[in-house]
Amino acid sequence: MAAYVGRFAPSPTGPLHLGSLYTALASYLDARANNGRWLLRIEDIDPPREIPGAANTIIQQLASHGLHWDGTVLYQSQRLPAYTEAAQALAHRGLTYACQCSRSRLLPMHGIYDGHCRPLNKTRASARTRASARVSSGAIRVCVEACRPISWQDIFHHACHYDLAQLSGDFVIVRRDGLFAYQLAVSVDDAFQDITHVVRGDDLLDSTPRQIFLLRQLKLPVPVYGHIAVINNSAGQKLSKQNRTPAVTIATPGANLEWCLNKLGMPVPGDMTGAPVEDLLTWAVHHWMPEHVPTGSISVDDG
């Protein structure tokens, strides 16, 4: 069995908040408790959404909380040729096609594509590059028409089953603006970094079957997945940058970690309260039990 390799892969669309620190901590603890490596990847392939300086801020926030990664940081912006190669491999198998559907046509589908452009221009030609996609103002979709339901055993949710035709239909791997889509880039990089375990928020639960599909089509190894419940604010909204959740402060790393541990079902005992960050993390690694991690709705007001 391959040695455990986990990862945390934030997008530099703003600094970490308590919700993202909580996810990073879960990923870190699962890796360290399994004597594994923990890698950091900055997913900077969406320039319109990125905030200047956010990547460095995230790195500083992680370090200040004692969440030190192994090796060097991988930046997705440096991996574009690998995504092009993967898109071409899918195209050579006749699995991709150009989609010219307008946003107004797509909107009523609520994210489940109806395959309109599939019979019009499905091709075995090489995948369009970023530049060609930008010129034609279209997108590249991968066909899931013949895909069987995707199943996996999740660390926290246990047996998971999804039918891609009903979940998303044929999904985008190169966006209409020529940028590579999240699903393709993440799949390629998880294989490139030899990731064996992915621990992340369950807001990405429905991304997993798409990534498993791509990995299988590219004949790449599929990691073990674990999805923890995301934390909601008082209004029931996920803690996120879009919902203006404040950035986590590096001035109180111990208190922040204790808050996150409590949400992960690991209340810190009295004799550890206020302990140095390194001691707190050592305690948490030794007491990490995935079966205690909540999978239902979690609110900032709980506990």
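Student: Which atom of Gly19 lies 3.0 Å from a polar atom of the side chain of His17?
Tutor: Bearing in mind that the model is predicted, it is the backbone nitrogen of Gly19 that lies 3.0 Å from a polar atom of the His17 side chain.
Student: And where is His17 found?
Tutor: His17 is in the loop that runs between β1 (5–8) and α1 (18–33).
Student: Is His17 buried or exposed?
Tutor: His17 is buried, because its relative accessible area is 6%, and the cut-off for buried is under 20%.
Student: Switching to strands, which residues make up the covered face of β6?
Tutor: In β6, which spans residues 150–154, the covered face consists of Ile150, Trp152 and Asp154, while Ser151 and Gln153 make up the uncovered one.
Student: In what sense do β6 and β7 pair?
Tutor: β6 pairs with β7 (residues 158–162) in the antiparallel sense, over five bridges, and the two strands form a hairpin with three residues between them.
Student: What stands opposite Ser151 in β7?
Tutor: That is His161.
Student: Now the helices: at what angle do the axes of α10 and α11 cross?
Tutor: The axes of α10 (residues 253–263) and α11 (residues 277–286) cross at roughly 15° and come within 9 Å. Angles under 35 degrees count as roughly parallel, so α10 is roughly parallel to α11.
Student: Is that crossing left-handed or right-handed?
Tutor: α10 passes α11 in a left-handed crossing.
Student: Which residues meet there?
Tutor: From α10, Pro253, Gly254, Leu257, Glu258 and Leu261 meet Val277, Leu280, Leu281, Trp283 and Ala284 of α11.

Notes. Residues are numbered from 1 along each chain as its sequence is written. This is a predicted model: local features need pLDDT of at least 70, side-chain atom pairs count only at pLDDT 80 or more; totals for chains, interfaces and linings use all residues. Side-chain values use heavy atoms; hydrogens and water are left out. Helices (H or I, at least four residues) and strands (E, at least two) are DSSP runs, numbered from the N terminus. Buried means under 20% relative accessible area, exposed over 50%, partly exposed in between (1.4 Å probe, protein chains only). A polar contact is a pair of N or O atoms within 3.5 Å; within protein, one must be able to donate a hydrogen and the other to accept it, and residues adjacent in sequence count only if both atoms are side-chain atoms. Two strands pair if DSSP finds at least two bridges between them. Axes are lines fitted to C-alpha atoms, for helices over the stretch in contact, and angles run from 0 to 180 degrees between N-to-C directions. Angles under 35 degrees count as roughly parallel, over 145 as roughly antiparallel, 65 to 115 as roughly perpendicular and the rest as oblique. A crossing is left-handed if the near helix is turned anticlockwise from the far one by less than a right angle, and right-handed if clockwise. Contact means heavy atoms within 4.5 Å.
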